[in-house]
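Please open the structure in a viewer and keep the sequence beside it.

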Amino acid sequence: MRARRSLSLGIVASLIAGLVACSAPNPGAARSAPATPGDGPVVAFYGDSYTRGTGASSPEKRWSTIVSAERGWQEINRCENGLGFVNRRASMGPGLNDIPALIIADDPDIVFVTMGLNDNFSYDSAADDIRAAIDSDLQRLRDGLPDARIVVVEPFWYTDDRPASVDIIAGWVEAAAERIDADHIDGAGHWLDGHYADSADSWMASDGLHPNDTGYAEMAERMDAALRALDPPL
């Protein structure tokens with residue numbers, strides 16, 4: 001039996017205001033999608049700053065690149081600061097305002113979806129829109145990439161304070177992943193527990209919002225274990 005299938009935060013506008021993306025491919029968008037060396041499967045990442053690697057000392061230190069390098073994957077990282085299923089979607093600009101379309105055009109073998117964190121900041125005013133966008137994005141990816149393996153990760157989180165919306169959005173993401181027969185990775189929203197900015201053993205960068213190199217290395221280790229536990233493993 002396949003494991004149930006599910007993996008973002010950007011710059012917060014006013015410390016907590018925004019941690020989006022999605023229209024037609026544009027050459028200017030290439031800056032968001034450097035491919036890592038490798039001769040293995042092409043793997044596209046659709047997420048926020050936590051998969052873009054904001055806070056790391058270099059892109060090579062972000063969890064997605066660590067995991068890709070270990071597996072020989074050709075990484076296409078189409079993640080953006082502040083991106084959510086709803087957050088920033090209207091302000092990304094030409095070429096970046098429809099990232100799912102860019103990923104479909106990439107024709108990857110595997111797709112990671114690691115979003116939902118930033119949508120918590122819009123939950124009170126846009127809950128229905130968030131839920132609809134989750135369903136729409138995942139269905140578009142499945143329809144556009146029928147042969148790709150899609151891995152949807154429980155949204156990451158970054159403080160001990162967990163609004164009720166965190167688990168609600170995570171539930172919507174998991175349900176949508178199941179509907180499109182995607183792998184779902186549980187628990188990622190707790191991977192940094194005990195190591196937030198105010199922790200004695202913090203894994204956060206100086207901005208207090210994003211992981212540092214240690215944090216991303218720990219995320220890569222946990223992601224590696226979760227991927228190996230999938231059926232079939234990745």
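**Before selecting**

This is a predicted model, in which local features need pLDDT of at least 70 and side-chain atom pairs count only at pLDDT 80 or more, while totals for chains, interfaces and linings use all residues. Residues are numbered from 1 along each chain as its sequence is written, and side-chain values use heavy atoms, with hydrogens and water left out.

**The whole chain**

Display the protein chain as a cartoon: its secondary structure comes to six helices and five strands. Helices (H or I, at least four residues) and strands (E, at least two) are DSSP runs, numbered from the N terminus. Read from the N terminus on, the order of the elements is β-α-α-β-α-β-α-β-α-β-α. Of the 234 residues, 55% count as buried; buried means under 20% relative accessible area, exposed over 50% and partly exposed in between, with a 1.4 Å probe and protein chains only.

**Helix α2 and its surroundings**

Select residues 63-71, which form helix α2. Its buried residues are Trp63, Ser64, Thr65, Val67, Ser68 and Arg71. These buried residues pack against β1 (42-47), α1 (49-52), β2 (74-77), β3 and α6 (213-228). Just after α2, select Gly72, which takes a positive phi of about 75 degrees.

**Aromatic rings**

Next, show the side chains of Phe, Tyr and Trp. A search of the whole structure finds 11 aromatic pairs. Rings, with the six-membered ring taken for Trp, pair if their centres lie within 6.5 Å; planes under 30 degrees apart count as stacked, over 60 as edge-to-face and the rest as tilted.

Select Trp63 and Phe112, an edge-to-face pair at 6.2 Å centre to centre with 65 degrees between the planes. Trp63 lies in α2 and Phe112 in strand β3 (residues 110-114), so this pair ties together parts that are 49 residues apart in sequence. Both residues are buried.

Then move to Phe121 and Tyr158, an edge-to-face pair at 6.4 Å centre to centre with 65 degrees between the planes. Phe121 is in the loop between β3 and α4, and Tyr158 is in the loop between β4 (149-153) and α5, 37 residues apart. Phe121 counts as partly exposed at 25% relative accessibility, whereas Tyr158 is buried with a relative accessible area of 5%.

**Helices α4 and α5**

Select residues 123-144 (α4) and 164-179 (α5), which pack at an angle of about 20 degrees with their axes 9 Å apart. That makes α4 roughly parallel to α5, as angles under 35 degrees count as roughly parallel, over 145 as roughly antiparallel, 65 to 115 as roughly perpendicular and the rest as oblique. Show the contact residues, among them Tyr123, Ala127 and Ile130 of α4 and Ile168, Trp172 and Val173 of α5; contact means heavy atoms within 4.5 Å. The residues of this contact divide into 11 nonpolar, one polar and three charged.

**Ala133**

Finally, select Ala133 in helix α4. Ala133 is buried, with a relative accessible area of 12%. Leaving aside its neighbours within four places in sequence, Ala133 is in contact with Phe85 and Val86. Ala133 and Val86 are 47 residues apart in sequence and 6.6 Å apart in space, C-alpha to C-alpha.

Technical notes. Axes fitted to C-alpha atoms, helices over the stretch in contact; angles between N-to-C directions. Nonpolar A, V, L, I, M, F, W, Y, C, P; charged D, E, K, R; others polar.
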